[in-house]
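Try each task before reading its solution.

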Amino acid sequence: MLFELEDLVIHASVESGFAYDLLQCGGTLSNGKPFRDMVRAAFCLIKSGSDWKIVHQHMSKPMGG
């Protein structure tokens, strides 16, 4: 399995945060064929006590030109 973050951007305050990046995903299918793809990922977080919790995430396939 391949999960590589690219261009990670984080905006955070004391109680909430937002992060987005490009994510290279890949691996090997059951037939032995390798695959690799890129998705855009965004995460919204809130702080609960001393922990950060993801309250929303979104992933989509960038359309290139």
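Rings of Phe, Tyr and Trp (its six-membered ring) pair if their centres lie within 6.5 Å; planes under 30 degrees apart count as stacked, over 60 as edge-to-face and the rest as tilted. Keep in mind that this is a predicted model.

**Exercise 1. Find the aromatic pair and classify it.**

Solution. The structure holds one aromatic pair. The ring centres of Phe18 and Tyr20 lie 5.6 Å apart and the planes meet at 45 degrees, so this pair is tilted. Next, look at accessibility: Phe18 has 33% and counts as partly exposed, and Tyr20, at 35%, also counts as partly exposed.

**Exercise 2. Work out the strand order of the open sheet, and say which strands stand at its edges.**

Solution. Four strands run in the order E1-E2-E3-E4, with antiparallel pairing. Strand E1 (2–12) and strand E4 (51–60) each have a single partner strand, so one side of each lacks a neighbour in the sheet. On average, neighbouring strands are turned by 25 degrees against each other, direction ignored. Now zoom in on E1 and E2 (residues 16–28): nine bridges join them in the antiparallel sense. Here Phe3 stands opposite Cys25 in E2.

**Exercise 3. Is Gln24 buried or exposed, and which residues does Gln24 contact?**

Solution. Start by placing Gln24 in strand E2. Its relative accessible area is 10%, under the 20% cut-off, so Gln24 is buried. Beyond its neighbours within four places in sequence, Gln24 is in contact with Leu2, Phe3, Glu4, Glu6, Arg36, Asp37 and Met38. With Glu6, the Gln24 side chain makes a side-chain polar contact at 3.4 Å.

Key. Residues numbered from 1 in each chain as written. Predicted model: local features only at pLDDT ≥ 70, side-chain atom pairs only at ≥ 80, totals over all residues. Heavy atoms only, no water. Pairing = 2+ DSSP bridges. Helix = DSSP H or I, 4+ residues; strand = E, 2+ residues; numbered from the N terminus. Axes fitted to C-alpha atoms, helices over the stretch in contact; angles between N-to-C directions. Buried < 20%, exposed > 50% of the residue type's maximum accessible area, 1.4 Å probe, protein only. Polar contact = N/O pair within 3.5 Å; in protein donor to acceptor, adjacent residues only side chain to side chain. Contact = heavy atoms within 4.5 Å.
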